[in-house]
Amino acid sequence: MDSILCARTRIGNRALLVTTAAVPVAGWSLHAVVLHRRLAAARKCQLTGLPGRPELLAYGDRLLRTGRRDTVHLVLLDGDGFKAVNDAHGHAAGDAVIRALGRRLARWCTGRRALAARLGGDEFALAAALPPAAALAELAALREQLQQPLRYEGLTLRLGVSAGIARAVDLPGEPCSRLLRGADTAMYQVKNGQAKFPYCASRADAYAETVNGRRAGRRGAALPERAA
């Protein structure tokens, strides 16, 4: 009987030790989950709730690895006339435009293998797997949706959107970062009237010369002046 009681005592003590050890482990697990969620939220644009460039590139590379390359499209979108909205109606109106563009992009991505991101200012990007035969028509329809007028405090705000497209099938073997550079160059050609939308980037566009790592013509691309 004594041996049985001793065995039960030992088992009880072990169970207590396991339970006691599990409490801090569970606490740290919960803390890790909360921390992960906070970090994920911090990486998102506070104005639109969209992720940024790193998440877009990771998603695009995942599409390239797991899907048919002829379905993968990178799109760069840039507002036309955004500065005029800010200058005429104030930054609150400009923020309303940015939020509206973010909502419209997020809504378009719902139900598709697609992710939209805000890169900064009025510049957005999109990585999507789309049926090759219908892709350009779908992206043209998206551009029309983004350009719909926005009502804000009794005002009607209008904003055009320039878009450049890079198709993975046109750039074999290239990663998402190279596709995004091609889409950026294609967008700039459309914005400047050198090409008509929908314009798809060529390999030359994807390897266009950059200044300080940025496409020539983009803000921040100018070389600093040297002292005499």
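Visitor: Which residues in H4 meet which residues in H5?

Guide: Leu101, Arg104, Leu105 and Trp108 in H4 meet Glu138, Leu139, Leu142, Gln145 and Leu146 in H5. Contact means heavy atoms within 4.5 Å. Helices (H or I, at least four residues) and strands (E, at least two) are DSSP runs, numbered from the N terminus. This is a predicted model: local features need pLDDT of at least 70, side-chain atom pairs count only at pLDDT 80 or more, and totals for chains, interfaces and linings use all residues. Residues are numbered from 1 along each chain as its sequence is written, and side-chain values use heavy atoms, without hydrogens and water.

Visitor: At what angle do the axes of H4 and H5 cross?

Guide: Two packed helices are described by the angle between their axes and the distance between the axes. Here, H4 (residues 91-109) and H5 (residues 135-146) have axes that come within 10 Å and cross at roughly 150°. Axes are lines fitted to C-alpha atoms, for helices over the stretch in contact, and angles run from 0 to 180 degrees between N-to-C directions. That makes H4 roughly antiparallel to H5 (an angle over 145 degrees).

Visitor: What is the strand order in the open sheet?

Guide: Strands of a sheet pair through backbone hydrogen bonds, either parallel or antiparallel. In this sheet of four strands the order is E2-E3-E1-E6, with antiparallel pairing; two strands pair if DSSP finds at least two bridges between them. E2 (113-120) and E6 (160-167) stand at the edges, each with a single partner strand, so one side of each lacks a neighbour in the sheet.

Visitor: How many bridges join E2 and E3?

Guide: Seven, in the antiparallel sense. Leu115 stands opposite Ala127 in E3.

Definitions and conventions
Angles under 35 degrees count as roughly parallel, over 145 as roughly antiparallel, 65 to 115 as roughly perpendicular and the rest as oblique.
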